[in-house]
Amino acid sequence: MRLVLDPEHEELRATVRKVLADRAPSAKVREAMDSPDGFDRALWRTLGDLGVLGLVVPESFGGAGAGHVERAVVLEELGAALTPAPFLASAVLATDALLALDDVGAGGDHLPRLAAGELIGTVAAAEDGAWDLAGGATTAAERDGRWELTGTKTPVLAGDSADLLLVYARAPGGPGWFAVEGGAPGVARTTLTGLDPTRRLARIDFAAAHARRLVSADPGAALETVTGLAAVALAAEQAGGMRRAMELTVDHAKARVQFGRPIGSYQAVKHGCADMYSAWELAVSVVRYAAWTADHDLAELPTAAALAQTYVGPAYFRTATDMVQFHGGIGYTWEHDAHLYYKRAKSSELLFGPPSAHLARLADQLQI
């Protein structure tokens, strides 16, 4: 296991960081998050051209054939920039779901377009914020030789803009996976007002919506794989946000003068910044381990994923909270980005369940 990135990884990081610095600075982030789509479609196409949307997609399906370590590098940079893009929904959830299923035809139809950024996908599995292996209350029924979905999924990442919905629902004989076009008849999408303005969530109501059932030998196991990989990906994004929040705080502590001295020279601020750094270093180690596990030891993935969300989520929120505090009055203003990191940190901490749920899952995995 390697916890240090290779030169190729660092080159990937530098490329993505430069693109985001040029195309997604703070002003552009605010402009995109207030737009009808909630993200910059031109930037999304650029990410597709770079190949970062299909890093884990095999070359036979038009992807880069890389791994989760590489994807984690990209997610760290996206998280650091607070990039409002459906990466977690499309390049993580939807992509991983298609790869976890046994439907080669669906993979061939959708993975190349997801990797190119021509198609935005997402997974609709949660109901009232909970991911249920039984499929929740949403049901699928076969009528006249075709499948129809009825029920509600919420929240759904990028559900308001996704072209492809991969729905996990109850069906005769057990739960299953279904592909639904985002704009299909019987699909009603409502954009939700969430805490984090840089990440769009939606409620999706299905009323006898036409669906294609996807082949899967074990739909529940596929969902567990998808949620585990998503937890690792989210942790990488959170670690990137931690790093940037720390950097902005340290820069402010060096520049802000009070009583004739930079506030960073005062013990409370100095030690607070040191605590941020220590927490970030630990978070990066957890993310590197989890991403390596996703590539090389899937049997260990549930433990690594639970560990990642148990530690990284709360650590990011503590860092974002301290960022606001150390910036003083300016940290509470709309014009400063501190509140955006704070909102992203808290919403991400709860996105796939509260830390207590991840801690309980980790305890179960460790049999303690």
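By class, the 19 residues that line the second largest pocket divide into 11 nonpolar, two polar and six charged, where Ala, Val, Leu, Ile, Met, Phe, Trp, Tyr, Cys and Pro count as nonpolar, Asp, Glu, Lys and Arg as charged, and the others, Gly among them, as polar. A24, A80, A81, R244 and Y341 are the lining residues that lie nearest the centre of this pocket, whose volume is about 380 Å³. Two or more residues of the lining come from each of helix 1 (7-23), helix 2 (26-33), helix 4 (68-81), helix 7 and helix 10 (338-350), and helix 7 supplies the largest share, four residues. Helices (H or I, at least four residues) and strands (E, at least two) are DSSP runs, numbered from the N terminus. A pocket is, on a 1 Å grid over the protein atoms alone, an open set of points with protein on both sides within 12 Å along at least five of seven lines, whereas a cavity is a set of points where a 1.4 Å probe fits but cannot get out; in either case, lining residues have an atom within 4 Å of a point. Grid points are joined across faces, edges and corners, and a volume is the space filled by probe spheres set on the points.

The model is predicted, and local features need pLDDT of at least 70 while side-chain atom pairs count only at pLDDT 80 or more, although totals for chains, interfaces and linings use all residues. Residues are numbered from 1 along each chain as its sequence is written, and side-chain values use heavy atoms, with hydrogens and water left out.

The largest pocket has a volume of about 580 Å³ and is lined by 23 residues, with L223, E224, T227, G228 and R361 nearest its centre. Strand 3 (130-131), helix 7 (219-255), helix 9 (301-326) and helix 11 (355-366) are the elements that give two or more residues to this lining, and helix 7 gives the most, with seven residues. The lining of the largest pocket comprises 13 nonpolar, seven polar and three charged residues.

Four cavities of 30 Å³ or more were counted. The largest cavity has a volume of about 120 Å³, and A85, P86, A158, R199 and R200 are the closest to its centre among the 16 residues that line it. Helix 5 contributes the largest share of that lining, three residues, and the lining as a whole has nine nonpolar, three polar and four charged residues. The second largest cavity holds about 90 Å³ of space and is lined by 13 residues, of which W131, P155, L157, L351 and F352 lie nearest its centre. By class, 12 of its lining residues are nonpolar and one is polar, with no charged residues. Strand 1 (121-124) and strand 5 each supply at least two residues of this lining, with strand 5 giving the most, three residues. P155 itself lies in strand 5 (residues 146-157) and is joined to T154 by a cis peptide bond with omega of about -5°.

In helix 1, the buried residues (under 20% relative accessible area, with exposed meaning over 50% and partly exposed in between, for a 1.4 Å probe and protein chains only) are H9, L12, R13, V16, V19 and L20. Seen down the axis of helix 1, these residues fall within an arc of 135°, so they line one face of the helix, the arc being that of the directions from the helix axis to the C-beta atoms. The buried residues of helix 1 pack against helix 3 (41-50), helix 4, helix 7 and helix 8 (267-296), whereas the face turned away from the buried side carries the exposed residues P7, E11, K18 and A21.

Helix 5 (residues 87-100) is mostly covered, with 12 of its 14 residues buried. A100, which lies in helix 5, counts as partly exposed at 24% relative accessibility. Leaving aside neighbours within four places in sequence, A100 is in contact (heavy atoms within 4.5 Å) with A222 and V226.

D144 is found between strand 4 (139-143) and strand 5 and is exposed, with a relative accessible area of 83%. F259 lies in the loop between strand 10 (257-258) and strand 11 (261-262) and counts as exposed at 73% relative accessibility.
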